[in-house]
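This report describes selected helices and residues of one protein model. Please examine the sequence and structure shown below before reading on.

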Amino acid sequence: MKQLAQYCVPAAVVGTAAGLVAGGLAAFVGQPAGWAILTGLGLGVPLILFGSGYSVLVALRKVPAGVFAPAAVYWLIAFPISLFIHAIVTEWVVTGTPGLPPDPWKFLAFRALLSMGFAIGFLWMHDQVARFYWPHLPKTNPYITKA
């Protein structure tokens, strides 16, 4: 498990970056610090988890590394769910109770359309981080020799 977790670090970096951007933008527009932090966590944590799930699929050779089509299909599902979780957390922070966005199916469908752009960005950033990070992992890590 430790070796697989090491392999997932680049994907976690991408999710963390997205969470930092979301939190930073919330702070930039004048939201209180607590709201900005929860906004960043509300988006960052699901993207870290889903990104790590994608890395696990690559490590286990279920999808090829660096290929857009499998990433696009994966994020077609994972990206809308991540933003759905973010919307629920945002509602909770603002109103004090968690709630669904209006017209949840339309919300998910529109985010699915946006997911292709995120998949491109995720794949590019993941590959950029991974090419500098993976060579520093021990050669005994079986996932490095497979990818």
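## Lys106

Lys106 counts as exposed because its relative accessibility is 61%, where exposed means over 50% relative accessible area, buried under 20% and partly exposed in between (1.4 Å probe, protein chains only). Lys106 lies in helix H5; helices are DSSP runs of H or I with at least four residues, numbered from the N terminus. Between the C-alpha atoms of Lys106 and Gln6 there are 37 Å in space, and the two are 100 residues apart in sequence.

## Basis of the model

The model is predicted: local features need pLDDT of at least 70 and side-chain atom pairs count only at pLDDT 80 or more, while totals for chains, interfaces and linings use all residues. Residues are numbered from 1 along each chain as its sequence is written, and side-chain values use heavy atoms, leaving out hydrogens and water.

## Helix H2

Helix H2 covers residues 9–28, and its 20 residues should span 28 Å at 1.5 Å a residue, which agrees with the 28 Å between its end C-alpha atoms. The expected span is 1.5 Å times one less than the number of residues.

Buried residues of H2 include Pro10, Val14 and Gly15. The buried residues of H2 pack against helices H1 (2–7), H3 (33–59) and H5 (104–133), with contact meaning heavy atoms within 4.5 Å. After H2 comes Gly30, with a positive phi near 100°.

## Packing of H2 and H3

The axes of H2 and H3 are 7 Å apart, at an angle of about 160°. H2 is therefore roughly antiparallel to H3, a term for angles over 145 degrees.

Notes:
Helices (H or I, at least four residues) and strands (E, at least two) are DSSP runs, numbered from the N terminus. Axes are lines fitted to C-alpha atoms, for helices over the stretch in contact, and angles run from 0 to 180 degrees between N-to-C directions. Angles under 35 degrees count as roughly parallel, over 145 as roughly antiparallel, 65 to 115 as roughly perpendicular and the rest as oblique.
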